[in-house]
Amino acid sequence: MYDTIFKHLEEKVKLSPEEKELIKTFFKPKRLKKKQFVVVEGHVCNYLTFVSKGLLKAYNVDDKGNEHINQFSPEGWWTSDMSSFFSGGISFYSIDAMEDSEVLLITREDFENLTIEVPVMDRYFRLLFQNSLITKERRLISSHTHTAEEKYRHIVENNPDLIKRVPQNLLASYLGLSPETLSRLKRNIIFDQK
């Protein structure tokens, strides 16, 4: 279960065998069944979650019961309600497994201790959070400036595996489109490629 996280970590920082063993002690491995929650909207998010295997989604539900997808987290991705995780306040969205998944969980206390006891992890998380902020800013700009087709093409080009794993209605929600619009875009793009 730790191979994926070490591969991911070593893309950003160098780790000694001793550091790897110490890092393992801070995480709690967990297997999730499809639809099992990591956090529920309105509760405190107690974990920063690394996806070793499977696929998770972060979303909130409106008054009409519609899901609004904020993030998909496949293998090698982190997920959490960062505001809730770091402040101890309530979570504004839920995170659950879209597939049977394997995750590594770390509490806020263990996160703090990890960054102290393995200093290279402080650098790793700084880089991770910087990249996350940049990605969120780009997504916000994209949501206001790109056409529906541009949004769909971007996800097809950058996350082709996600297209195969995520139901169309959830993908549409993530892109801020209606399922009907997404269906029309898919047909047009397939037709354009012929």
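I took helices (H or I, at least four residues) and strands (E, at least two) as DSSP runs numbered from the N terminus, and I counted two strands as paired if DSSP finds at least two bridges between them. The model is predicted, so I kept local features only at pLDDT of at least 70 and side-chain atom pairs only at pLDDT 80 or more, while totals for chains, interfaces and linings use all residues. Residues are numbered from 1 along each chain as its sequence is written, and side-chain values use heavy atoms, with hydrogens and water left out.

**Strand S7**

I looked up the partners of S7 and found that strand S2 (residues 37-39) runs antiparallel to S7 and is joined to S7 by two bridges, with Val-39 having Ile-95 as its bridge partner. Strand S4 (residues 55-61) also pairs with S7 in the antiparallel sense, over four bridges, and there Lys-57 stands opposite Asp-96. For burial I used relative accessible area (buried under 20%, exposed over 50%, partly exposed in between; 1.4 Å probe, protein chains only). In S7 (residues 94-97), Ser-94 and Asp-96 on one side and Ile-95 and Ala-97 on the other are all buried, which leaves both faces covered.

**Salt bridges**

I applied the rule of a side-chain nitrogen of Lys or Arg within 4 Å of a carboxyl oxygen of Asp or Glu, and the count came to eight salt bridges. One of them joins Glu-10 to Lys-20, with the closest N and O atoms 3.4 Å apart. Glu-10 lies in the loop between helix H1 (3-9) and helix H2 (17-24) and Lys-20 lies in helix H2, so this pair ties together parts that are ten residues apart in sequence.

I then noted Glu-102 and Arg-31, whose side chains meet in a salt bridge at 2.3 Å, N to O. This pair links distant parts of the chain, 71 residues apart, with Glu-102 in strand S8 (residues 101-106) and Arg-31 in strand S1 (residues 28-32). Glu-102 counts as buried at 18% relative accessibility, whereas Arg-31 is exposed at 58%.

**Helix H6**

Within helix H6, I found Glu-149 and Arg-153 four residues apart, about one turn of the helix, and they form a salt bridge with closest N and O atoms 2.8 Å apart. Glu-149 is partly exposed, with a relative accessible area of 33%, and Arg-153 is partly exposed as well, at 28%.

I also checked burial in H6, where Lys-151, Tyr-152 and Ile-155 are buried. They lie on the same side of H6, because they cover an arc of only 95° around the axis, the arc being that of the directions from the helix axis to the C-beta atoms.
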